[in-house]
Amino acid sequence: MFSWLGTDDRRKKDPEVFQTVSDGLKKLYKTKLLPLEESYKFHEFHSPALEDADFDNKPMVLLVGQYSTGKTSFIRYLLEQDFPGMRIGPEPTTDSFIAVMHGDTEGVIPGNALVVDPKKPFRKLNAFGNAFLNRFVCAQLPNPVLESISVIDTPGILSGEKQRISRGYDFAAVLEWFAERVDRIILLFDAHKLDISDEFSEVIKALKNHEDKIRVVLNKADQIETQQLMRVYGALMWSLGKIVNTPEVIRVYIGSFWSHPLLIPDNRKLFEAEEQDLFKDIQSLPRNAALRKLNDLIKRARLAKVHAYIISALKKEMPSVFGKENKKKELIASLGDIYKRIEREHQISPGDFPNLKKMQDQLQAQDLNKFQPLKPKLLEAVDDMLANDIAGLMVLVRQEETQRPNPVVKGGAFDGTLDGPFGHGYGEGAGEGIDEAEWVVARDKPAYDEIFYTLSPVNGKVTGANAKKEMVKSKLPNTVLGKIWKLADIDKDGMLDDEEFALANHLIKVKLEGHELPSELPAHLVPPSKRKIPE
């Protein structure tokens, strides 16, 4: 399966050659990163070891939100059908993690059976014990959407008194485990209740370091008036800004993701545009899946390297005979100083270090004398992987993208508005008049003709210079006006007759109304007298 390059000496210098990205990731992880992780107990501190299924599985979308924000309804909206184990209601109905995946027949696989299946990427979840596994199921069904992606439904996050009731397992830790392995995290909010509970705040903080995967959906937005919606949107952005510590503004999609009639249809066009943007984002996941797995492996490798430096530094400071317990307490207390020293010695970014408080808590239960000293060869192997092998895999990612037919999510709601008059933007902007027998520009042509005859036409045409004087009054940039000229000058003679001039003004109006210009002139916009001109 793999081609090895040359002798042992060359093997150290040259990257390995792999047949596929997935094979390459598996091989690099097992031969170069896993030995470092095992040597320094990385799996006890941070994340369980990766398995083949983690590299082979379809892209996954994780839905997170307080109860009754419409998570399960959102999945049903995407699939356009019910799935096994689905329950919808205003009270906390989903009390389990449900992995909605493709299967030839409908059925439910319970958690304990799921974590022993080597083909599923959930084997390491057995570490969370029976309290969690009894609340974890896989719903399988033959649905075209699920041929490209899998969706993880989560229990509604509780608020008020309810959040004080223990779930019996570490909810935030389970979500963190999923966050590491999924391709997209969608946080759902209800436009009626934006209070971010303590548990939800904890959950969002657990998703730290995965901000690039997070998208936010403000659901049930059709149930409030436009003015209220603006206030709610502003309040949501303010609340998120206090929890998600990123300088960038997080992307929020506004809509009503279920198949019921809109209660207040005033913002219908906004909801349609937002839905299309969200769908495009989800549809891009299969195409970017290999790149995401590569990116996650690089993040993991950087953390594993820092972890090795921390563990070896603690080992080096420990006495061999007396005063072990006191020294251990002293080292844990001064872990922040050890971080700074490692940062200086190895030129490591502060952002690569694990959470200080969490690391101190985990070290309390460890025997620091059993830690390993620094092993340069293990670190060199990881450095070689990051410097050489990953670059080779990046090339392979691009090759796979070009060779493979465009993989996008199909079926369900994704096919709902692709064709026909209910496609987004149909009959608007440059598409206006697409179904009409009469040329749509003719409606306003008398007004355009009045301007045309003030521009001193010669032989029924105005020069480019004269047309420009009128067109620049729109205040559109030259790049846009240049594109409009190219579309309107159908016979390419550098001048405009009355029909071409009317068309240019129509396209200016389309742009000024906020619509995009077409890359080629649609057939219904070609002036009637020009429609027989051969191309």
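Colleague: What should I keep in mind about numbering and cut-offs?
Modeller: Residues are numbered from 1 along each chain as its sequence is written, and side-chain values use heavy atoms, with hydrogens and water left out. Because the model is predicted, local features need pLDDT of at least 70 and side-chain atom pairs count only at pLDDT 80 or more, while totals for chains, interfaces and linings use all residues.

Colleague: What is the strand order in the open sheet?
Modeller: The eight strands follow the order β3-β4-β2-β5-β1-β6-β7-β8, with mixed pairing; strands are DSSP runs of E with at least two residues, helices are runs of H or I with at least four, both numbered from the N terminus, and two strands pair if DSSP finds at least two bridges between them.

Colleague: And which strands are at the edges?
Modeller: Those are β3 (107-110) and β8 (252-254), each of which pairs on one side only.

Colleague: How many bridges join β2 to β4?
Modeller: Six bridges join β2 (residues 97-102) to β4 (residues 136-141), and the two strands run parallel, with Phe 97 standing opposite Phe 136 of β4.

Colleague: Switching topic, where is Phe 371, and is this residue buried or exposed?
Modeller: Phe 371 sits in the loop between α15 (356-363) and α16 (376-403), and Phe 371 counts as buried because its relative accessibility is 4%, where buried means under 20% relative accessible area, exposed over 50% and partly exposed in between, with a 1.4 Å probe and protein chains only.

Colleague: How far is Ile 311 from Phe 371?
Modeller: Their C-alpha atoms are 6.4 Å apart in space, although the two are 60 residues apart in sequence.
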